[in-house]
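Please keep the sequence and the three-dimensional view at hand while reading.

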Amino acid sequence: MFTIIRADQTRAEIRPQMADIFADGFTQWLGFFSKDKRQISRAFAHIFVESQFYLAMSGDKVAAMAACTDGTELSVRLNTKQLIKHLGFYKGMLAVLFLKREFQVPFHNPNGDQISLEFVGTALEFRGQGAASQVITHILGSKAYKECLIEEVADTNIPAIRLYEKLGFKEYKRKALPKKLAEQNGIHHLVSMKYVNIDDRINSPNTV
(Lines give C-alpha, C1' and ligand atoms only; values in the text may rest on other atoms or scores of the structure.)
Protein backbone atom coordinates (compact mmCIF):
# COMPACT_ATOMS: atom_id res chain seq x y z
CA MET A 1 0.00 0.00 0.00
CA PHE A 2 1.06 3.56 -0.70
CA THR A 3 0.31 6.84 1.02
CA ILE A 4 -1.88 9.08 -1.12
CA ILE A 5 -1.30 12.81 -0.74
CA ARG A 6 -1.88 15.95 -2.75
CA ALA A 7 1.37 17.16 -4.25
CA ASP A 8 1.26 20.56 -2.56
CA GLN A 9 0.95 18.91 0.85
CA THR A 10 4.10 16.80 0.80
CA ARG A 11 7.50 17.90 2.06
CA ALA A 12 9.41 15.51 -0.20
CA GLU A 13 11.37 16.74 -3.23
CA ILE A 14 8.72 15.72 -5.73
CA ARG A 15 9.08 17.80 -8.90
CA PRO A 16 12.11 15.97 -10.33
CA GLN A 17 10.41 12.66 -9.63
CA MET A 18 7.16 13.79 -11.22
CA ALA A 19 9.14 15.05 -14.21
CA ASP A 20 10.83 11.68 -14.62
CA ILE A 21 7.44 9.96 -14.66
CA PHE A 22 6.17 12.52 -17.16
CA ALA A 23 9.21 12.15 -19.43
CA ASP A 24 8.89 8.39 -19.49
CA GLY A 25 5.15 8.44 -20.13
CA PHE A 26 5.26 10.98 -22.93
CA THR A 27 8.27 9.64 -24.81
CA GLN A 28 6.27 9.01 -27.99
CA TRP A 29 4.94 12.56 -28.02
CA LEU A 30 8.04 14.49 -26.97
CA GLY A 31 10.69 12.68 -29.00
CA PHE A 32 10.88 15.56 -31.47
CA PHE A 33 12.16 17.90 -28.77
CA SER A 34 14.74 15.48 -27.39
CA LYS A 35 15.50 11.75 -27.38
CA ASP A 36 17.15 12.19 -23.97
CA LYS A 37 14.60 11.52 -21.22
CA ARG A 38 16.78 13.34 -18.71
CA GLN A 39 16.67 16.49 -20.82
CA ILE A 40 12.90 16.20 -21.20
CA SER A 41 12.57 15.70 -17.45
CA ARG A 42 14.59 18.84 -16.67
CA ALA A 43 12.75 20.89 -19.30
CA PHE A 44 9.28 20.03 -17.99
CA ALA A 45 9.90 19.82 -14.24
CA HIS A 46 8.39 23.30 -13.81
CA ILE A 47 5.00 22.60 -15.39
CA PHE A 48 3.02 20.87 -12.64
CA VAL A 49 0.32 22.78 -10.77
CA GLU A 50 0.83 20.91 -7.51
CA SER A 51 -2.63 21.60 -6.08
CA GLN A 52 -4.10 19.57 -8.96
CA PHE A 53 -1.93 16.45 -8.55
CA TYR A 54 -2.33 13.47 -6.25
CA LEU A 55 0.65 11.24 -5.55
CA ALA A 56 1.13 7.68 -4.36
CA MET A 57 4.14 7.92 -2.06
CA SER A 58 6.48 5.18 -0.85
CA GLY A 59 8.49 7.02 1.79
CA ASP A 60 9.92 10.04 -0.02
CA LYS A 61 9.56 8.41 -3.45
CA VAL A 62 6.76 9.25 -5.88
CA ALA A 63 5.43 5.89 -7.03
CA ALA A 64 2.60 7.24 -9.20
CA MET A 65 0.75 10.45 -9.95
CA ALA A 66 -2.48 11.72 -11.46
CA ALA A 67 -3.90 15.19 -11.91
CA CYS A 68 -7.59 15.86 -11.30
CA THR A 69 -9.32 18.99 -12.51
CA ASP A 70 -12.92 20.19 -12.63
CA GLY A 71 -12.07 22.87 -15.18
CA THR A 72 -11.52 25.74 -12.74
CA GLU A 73 -7.73 25.31 -12.79
CA LEU A 74 -5.19 23.93 -15.23
CA SER A 75 -3.14 20.87 -14.33
CA VAL A 76 0.04 22.17 -15.94
CA ARG A 77 1.44 25.53 -17.02
CA LEU A 78 4.27 25.90 -19.51
CA ASN A 79 7.02 28.45 -18.88
CA THR A 80 8.66 29.74 -22.05
CA LYS A 81 11.95 30.68 -20.39
CA GLN A 82 12.37 27.25 -18.83
CA LEU A 83 11.64 25.43 -22.07
CA ILE A 84 14.11 27.59 -24.01
CA LYS A 85 16.72 27.13 -21.27
CA HIS A 86 16.61 23.34 -21.50
CA LEU A 87 15.63 22.73 -25.13
CA GLY A 88 17.24 25.67 -26.90
CA PHE A 89 15.48 28.63 -28.50
CA TYR A 90 14.07 26.91 -31.58
CA LYS A 91 12.72 23.75 -29.95
CA GLY A 92 11.74 25.63 -26.81
CA MET A 93 9.55 28.01 -28.79
CA LEU A 94 8.04 25.13 -30.76
CA ALA A 95 7.26 23.36 -27.49
CA VAL A 96 5.40 26.44 -26.27
CA LEU A 97 3.47 26.84 -29.53
CA PHE A 98 2.43 23.22 -29.95
CA LEU A 99 2.15 21.94 -26.40
CA LYS A 100 0.08 24.82 -25.07
CA ARG A 101 -2.66 23.68 -27.45
CA GLU A 102 -2.40 20.15 -26.04
CA PHE A 103 -1.62 20.68 -22.35
CA GLN A 104 -3.17 24.05 -21.45
CA VAL A 105 -6.66 23.62 -22.84
CA PRO A 106 -9.10 24.12 -19.93
CA PHE A 107 -11.34 21.15 -19.22
CA HIS A 108 -14.82 22.02 -20.50
CA ASN A 109 -17.26 21.47 -17.64
CA PRO A 110 -20.21 23.84 -18.04
CA ASN A 111 -22.47 22.04 -15.53
CA GLY A 112 -19.73 21.61 -12.92
CA ASP A 113 -20.51 17.91 -12.45
CA GLN A 114 -17.53 16.32 -14.21
CA ILE A 115 -13.87 15.84 -13.38
CA SER A 116 -10.99 14.94 -15.64
CA LEU A 117 -8.00 12.73 -14.83
CA GLU A 118 -4.83 13.88 -16.55
CA PHE A 119 -1.12 13.02 -16.65
CA VAL A 120 -1.52 9.63 -15.00
CA GLY A 121 1.82 7.87 -14.68
CA THR A 122 3.83 5.39 -12.63
CA ALA A 123 7.55 5.43 -11.84
CA LEU A 124 9.41 2.58 -13.51
CA GLU A 125 10.47 0.92 -10.25
CA PHE A 126 6.89 0.79 -8.97
CA ARG A 127 5.09 -0.49 -12.05
CA GLY A 128 2.87 -3.48 -11.51
CA GLN A 129 2.44 -2.72 -7.80
CA GLY A 130 -0.94 -0.96 -7.95
CA ALA A 131 0.31 2.58 -7.30
CA ALA A 132 -1.63 4.28 -10.12
CA SER A 133 -4.71 2.24 -9.29
CA GLN A 134 -4.57 3.43 -5.69
CA VAL A 135 -4.23 7.08 -6.71
CA ILE A 136 -7.18 6.89 -9.10
CA THR A 137 -9.33 4.98 -6.61
CA HIS A 138 -8.61 7.67 -4.01
CA ILE A 139 -9.67 10.42 -6.41
CA LEU A 140 -12.84 8.59 -7.46
CA GLY A 141 -13.81 8.12 -3.83
CA SER A 142 -13.13 11.62 -2.58
CA LYS A 143 -14.19 14.06 -5.29
CA ALA A 144 -17.63 15.46 -6.08
CA TYR A 145 -18.68 14.47 -9.60
CA LYS A 146 -21.21 12.62 -11.74
CA GLU A 147 -18.76 11.60 -14.46
CA CYS A 148 -14.99 11.23 -14.48
CA LEU A 149 -13.29 11.45 -17.87
CA ILE A 150 -9.88 10.34 -19.10
CA GLU A 151 -9.33 11.92 -22.48
CA GLU A 152 -7.17 10.80 -25.38
CA VAL A 153 -5.20 7.78 -24.19
CA ALA A 154 -2.92 6.44 -26.93
CA ASP A 155 -4.24 3.14 -28.30
CA THR A 156 -0.73 1.74 -27.91
CA ASN A 157 -0.89 2.24 -24.14
CA ILE A 158 -2.59 -1.09 -23.52
CA PRO A 159 -1.57 -1.37 -19.82
CA ALA A 160 -3.21 1.98 -19.04
CA ILE A 161 -6.40 1.15 -20.94
CA ARG A 162 -6.69 -2.19 -19.15
CA LEU A 163 -6.15 -0.48 -15.79
CA TYR A 164 -8.89 2.05 -16.48
CA GLU A 165 -11.26 -0.70 -17.61
CA LYS A 166 -10.52 -2.64 -14.44
CA LEU A 167 -11.45 0.42 -12.39
CA GLY A 168 -14.78 0.76 -14.19
CA PHE A 169 -14.01 3.19 -17.04
CA LYS A 170 -15.55 2.52 -20.44
CA GLU A 171 -14.55 3.82 -23.85
CA TYR A 172 -16.97 6.44 -25.15
CA LYS A 173 -14.99 8.10 -27.95
CA ARG A 174 -12.14 7.27 -30.31
CA LYS A 175 -10.27 9.76 -32.52
CA ALA A 176 -8.09 8.73 -35.44
CA LEU A 177 -4.76 10.49 -35.89
CA PRO A 178 -3.64 11.74 -39.31
CA LYS A 179 -1.96 8.95 -41.28
CA LYS A 180 1.44 10.67 -41.44
CA LEU A 181 1.53 11.32 -37.71
CA ALA A 182 0.37 7.78 -36.98
CA GLU A 183 3.21 6.40 -39.06
CA GLN A 184 5.71 8.55 -37.17
CA ASN A 185 4.74 7.69 -33.61
CA GLY A 186 2.90 4.38 -34.02
CA ILE A 187 -0.29 5.72 -32.43
CA HIS A 188 -3.36 5.36 -34.64
CA HIS A 189 -6.20 6.35 -32.31
CA LEU A 190 -6.73 8.35 -29.14
CA VAL A 191 -9.20 6.67 -26.82
CA SER A 192 -11.42 8.61 -24.40
CA MET A 193 -12.92 6.82 -21.40
CA LYS A 194 -15.65 7.62 -18.89
CA TYR A 195 -16.49 6.53 -15.34
CA VAL A 196 -20.06 7.14 -14.17
CA ASN A 197 -20.44 7.72 -10.45
CA ILE A 198 -23.41 5.55 -9.55
CA ASP A 199 -23.26 6.74 -5.94
CA ASP A 200 -23.64 10.35 -7.15
CA ARG A 201 -21.58 12.05 -4.47
CA ILE A 202 -22.16 15.42 -6.08
CA ASN A 203 -23.94 16.74 -2.95
CA SER A 204 -21.80 14.97 -0.38
CA PRO A 205 -20.46 17.26 2.40
CA ASN A 206 -17.38 15.03 2.84
CA THR A 207 -15.70 15.69 -0.50
CA VAL A 208 -12.33 17.46 -0.82
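Predicted model: local features only at pLDDT ≥ 70, side-chain atom pairs only at ≥ 80, totals over all residues.

In soluble globular proteins, nonpolar side chains tend to be buried together. The largest nonpolar core of this model has 63 residues, and the members that touch the most others are Phe22, Phe44, Phe48, Phe53 and Phe169. Strand S3, residues 61–69, supplies seven residues, the largest share of this core.

Beyond its neighbours within four places in sequence, Phe48 is in contact with Arg15, Met18, Ala19, Phe22, Phe53, Met65, Ser75 and Val76. Two of these partners, Phe22 and Phe53, are themselves listed with Phe48 among the core members that touch the most others.

**Helix H1 and its cover**

Within H1, the buried residues are Met18, Ala19, Ile21, Phe22, Ala23 and Asp24. The elements that cover them include helix H2 (27–30), H3, strand S2 (53–58), S3, helix H5 (89–103) and S4.

Two packed helices are described by the angle between their axes and the distance between the axes.

| Helix pair | Angle between axes | Axis distance |
|---|---|---|
| H1 (residues 15–25) and H3 (residues 37–44) | about 125° | 8 Å apart |
| H3 and H4 (residues 80–87) | roughly 160° | within 8 Å |

With an angle of about 125°, H1 is oblique to H3. The crossing of these two helices is right-handed. On the H1 side the contact involves Pro16, Ala19, Asp20, Phe22, Ala23 and Asp24, which meet Lys37, Ile40, Ser41 and Phe44 of H3. By class, the residues of this contact comprise six nonpolar, one polar and three charged.

For the second pair, an angle of roughly 160° makes H3 roughly antiparallel to H4, because angles over 145 degrees fall in that class. H3 also passes H4 in a right-handed crossing. Gln39, Arg42, Ala43 and Phe44 of H3 form the contact with Leu83, His86 and Leu87 of H4. This contact divides into four nonpolar residues, two polar and one charged. Phe44 of H3 takes part in the contact with H1 and also in the contact with H4.

**Residues with a positive phi**

Most residues other than glycine have a negative phi, and most peptide bonds are trans. Phe119, although not a glycine, has a positive phi of about 55°. Phe119 belongs to strand S4, residues 114–122. Is Phe119 buried or exposed? Its relative accessibility is 11%, so Phe119 counts as buried.

Glu152, also a residue other than glycine, has a positive phi near 55°. Its place is in strand S5, residues 147–154. Glu152 has a relative accessibility of 37% and therefore counts as partly exposed.

Where is Glu13 found? Glu13 is in the loop between strand S1 (3–6) and H1. Glu13 and Val62 are separated by 49 residues in sequence, and their C-alpha atoms are 9.2 Å apart in space.

Terms used:
Residues numbered from 1 in each chain as written. Heavy atoms only, no water. Core = buried A, V, L, I, M, F, W, Y, C linked by side-chain atoms within 4.5 Å. Buried < 20%, exposed > 50% of the residue type's maximum accessible area, 1.4 Å probe, protein only. Helix = DSSP H or I, 4+ residues; strand = E, 2+ residues; numbered from the N terminus. Contact = heavy atoms within 4.5 Å. Axes fitted to C-alpha atoms, helices over the stretch in contact; angles between N-to-C directions. Parallel < 35°, antiparallel > 145°, perpendicular 65-115°, else oblique. Left-handed = near helix turned anticlockwise from the far one by under 90°. Nonpolar A, V, L, I, M, F, W, Y, C, P; charged D, E, K, R; others polar.
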